[in-house]
Amino acid sequence: QVRGLGLDDPFIKSMVRQPNQQQAEAITMPVDSSFRVFACPGSGKTFCIEHRYAYLVQQGVNSDNILVVTFSKSMADEMAGRIKSTVPNANLDQISTIHALCYRILTRWDSALPTYLWQVPKEWELKKILDELIDKYWKSGDEKPGYAEVLSYIDYAKSNCITPDESFEFFARQVGALYGKYLASIRTDFDCHLARLKQMTFSD
């Protein structure tokens, strides 16, 4: 098992707030190692990530090569603020939620083809096109589903790597042949619409 240097590392000794042994080991793990930390709430995870970032930079890692992702925007904002106070030259674009990272990859970082950058559609855009497609294809006398319900089926298919050509069988297993046919037609037109406008959802 690869272990960090812990409390004996000069970087740890120079810190204003002294971590405990387990925190110090996480902070000073070798730069080229892979490791996982299991920690309960209140155990100092943010503190460790903040100082792990600083340790990597102190070891010569360029901040452009460090990625920090969280699940919530509030946590990302707090993390960015704390890391910035410890490492003033931190790359704040790479301290974000997972969704924000994906958005930036799609819309900002394709420098080779700047005129072909993808965009992530707004919620009202998704609602508009899906409402139109539901009206077009949903011919059953039953009450029509809302756009959010239809989008959830499409997202579920995409998260299972189901192609448009495979959609009918996939949806039919979920909701039956009739509704499966409607959903498959909506999904096909929906994807064509997104491609035409160079748009992509997070499920894509």
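Ala, Val, Leu, Ile, Met, Phe, Trp, Tyr, Cys and Pro count as nonpolar, Asp, Glu, Lys and Arg as charged, and the others, Gly among them, as polar. The views below show a predicted model.

**View 1. The largest pocket and its lining residues.** The largest pocket holds about 1,100 Å³ of space. Its lining is made up of 34 residues, and A26, F35, R36, V37 and I49 are those that lie nearest the centre. Sorted by class, this lining has 19 nonpolar, 10 polar and five charged residues.

**View 2. Helices and a strand that line the largest pocket.** At least two residues of the lining come from each of α2 (21-27), α3 (45-58), β1 (68-70) and α4 (73-86). Helix α3 gives the largest share, seven residues.

**View 3. A nonpolar patch on the surface.** The patch is formed by L67, V69, F71 and I98, which together have about 430 Å² of accessible area. One of these residues, F71, is found in the loop between β1 and α4. F71 counts as exposed because its relative accessibility is 81%, and the cut-off for exposed is over 50%.

View 4. E78 is partly exposed, its relative accessible area being 39%. R82 is likewise partly exposed, at 27%.

**View 5. A salt bridge between D191 and K158.** The closest N and O atoms of this pair are 2.9 Å apart. Distant parts of the chain are linked here, since D191 lies in helix α9 (residues 177-196) and K158 in helix α7 (residues 147-159), 33 residues apart. Buried means under 20% relative accessible area. D191, at 18% relative accessibility, therefore counts as buried, and so does K158, at 9%.

**View 6. A network of salt bridges.** K158 and D191 are linked with R187 and D204 in a network of salt bridges. A search of the whole structure finds 10 salt bridges.

Definitions and conventions: Residues are numbered from 1 along each chain as its sequence is written. This is a predicted model: local features need pLDDT of at least 70, side-chain atom pairs count only at pLDDT 80 or more; totals for chains, interfaces and linings use all residues. Side-chain values use heavy atoms; hydrogens and water are left out. On a 1 Å grid over the protein atoms alone, a cavity is a set of points where a 1.4 Å probe fits but cannot get out, and a pocket is an open set with protein on both sides within 12 Å along at least five of seven lines; lining residues have an atom within 4 Å of a point. Grid points are joined across faces, edges and corners, and a volume is the space filled by probe spheres set on the points. Helices (H or I, at least four residues) and strands (E, at least two) are DSSP runs, numbered from the N terminus. Patches are made of residues with over 30% relative accessible area and no salt bridge: like charges are joined within 9 Å, nonpolar side chains (Val, Leu, Ile, Met, Phe, Trp, Tyr) within 5 Å. Accessible areas come from the Shrake-Rupley method with a 1.4 Å probe; for residues, only the protein chains shown count as cover. A salt bridge is a side-chain nitrogen of Lys or Arg within 4 Å of a carboxyl oxygen of Asp or Glu. Buried means under 20% relative accessible area, exposed over 50%, partly exposed in between (1.4 Å probe, protein chains only).
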